[in-house]
Amino acid sequence: MSGGPEPISAEGLRAVREELAQLRTERGEVAATLRGEDPVGDRADAADELQRASEVTRLDRRIVELEGRLREAEVAGAPSTDVIGVGSTVKVRFGDGEEETVEISELAEERELTLVTYDSPLGKALLGRHAGERVTYETPGGAASAVVLAVGDAA
């Protein structure tokens, strides 16, 4: 990643917004169980209360992180349609002839197989490349290659 504001793909944006909504809901549910100033109860109750307060703090940190990522993406604007970077949609043809459209993302979700993280072997190989370029990268099965067919809207 460049260290500056990074664009985010449409799928990545959807995933961040979805996670943010889930975290806000979870935070509200956990916060509603906190008693506040009433210290009535035994040590087990106090320990449980402390654990829930820690969970609220953890959720707050992640919420702030995701809100910051959304602000950063807004400043960065749309992903490039020329050079591959975080947020780019890329059509590639692998060495076996299979073609696939992938999105370069910060985080991959298990359910979304078309997201490729920027720090994965394929992601690293694609960053900074243009349509028509061939990339090589390492897989658990050995060296692999792919050709960039299109970047951005053309992908």
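The structure is a predicted model, in which local features need pLDDT of at least 70 and side-chain atom pairs count only at pLDDT 80 or more, whereas totals for chains, interfaces and linings use all residues. Residues are numbered from 1 along each chain as its sequence is written, and side-chain values use heavy atoms, with hydrogens and water left out.

The protein contains three helices and five strands. Helices (H or I, at least four residues) and strands (E, at least two) are DSSP runs, numbered from the N terminus. From the N terminus on, these elements follow the order α-α-β-β-β-α-β-β. Of the 155 residues in the protein, 32% are buried; buried means under 20% relative accessible area, exposed means over 50%, and partly exposed lies in between (1.4 Å probe, protein chains only). The protein exposes about 9,300 Å², and carbon and sulfur atoms supply 51% of this area. Accessible areas come from the Shrake-Rupley method with a 1.4 Å probe, and for residues only the protein chains shown count as cover. Among contacts between residues at least 6 apart in sequence, 53% join residues at least 24 apart, where contact means heavy atoms within 4.5 Å.

The five strands form an open sheet in the order β3-β2-β1-β5-β4, with mixed pairing. Its edge strands are β3 (115-117) and β4 (134-139), each of which pairs on one side only. Two strands pair if DSSP finds at least two bridges between them. The twist from one strand to the next averages 45°; axes are lines fitted to C-alpha atoms, for helices over the stretch in contact, and angles run from 0 to 180 degrees between N-to-C directions.

Strand β1 (residues 89-94) runs antiparallel to β5 (residues 142-151), and five bridges join the two. In this pairing, Val90 stands opposite Val151, and Arg93 has Val147 as its bridge partner. Five bridges also join β1 to β2 (residues 99-105), again in antiparallel fashion, with Thr89 opposite Glu103. The hairpin of β1 and β2 has four residues between the strands, and Gly97 takes a positive phi near 95° there. In a regular strand the side chains alternate between the two faces of the sheet. In β1, Val90, Val92 and Phe94 make up the covered face, while Thr89, Lys91 and Arg93 make up the uncovered one.

The largest nonpolar core has 15 residues, and those with the most contacts inside it are Ile84, Val90, Leu126 and Tyr137. The elements that give two or more residues to this core are β1, β2, α3 (121-126), β4 and β5. Another core, which lies apart from it, has 11 residues, including Val16, Leu20, Leu23 and Ala73. A nonpolar core is a set of buried Ala, Val, Leu, Ile, Met, Phe, Trp, Tyr and Cys residues joined through side-chain atoms within 4.5 Å. When residues up to four places away in sequence are not counted, Ile84 touches Val90, Ile104, Leu126, Leu127, Gly128, Arg129, Val148 and Val151.

Two loop residues were also examined. Val83 is found in the loop between α2 (43-76) and β1 and is partly exposed, with a relative accessible area of 30%. Beyond its neighbours within four places in sequence, Val83 is in contact with Ser88, Gly128, Arg129, His130 and Val151. Val83 and Ala150 are 67 residues apart in sequence, with 9.9 Å between their C-alpha atoms. Leu127, in the loop between α3 and β4, counts as partly exposed because its relative accessibility is 27%. The C-alpha atoms of Leu127 and Val83 are separated by 7.8 Å, although these residues are 44 residues apart along the chain. Residues up to four places away in sequence aside, Leu127 touches Ile84, Gly85, Val86, Ile104 and Tyr118.

Thr117 lies in β3 and counts as buried because its relative accessibility is 16%. A polar contact of 3.1 Å joins its side chain to that of Asp119. Ser120, in the loop between β3 and α3, is likewise buried, at 17% relative accessibility. The side chain of Ser120 reaches the backbone oxygen of Thr117 at 2.8 Å, and a polar atom of this side chain lies 3.0 Å from the backbone nitrogen of Gly123.

Notes: Polar contact = N/O pair within 3.5 Å; in protein donor to acceptor, adjacent residues only side chain to side chain.
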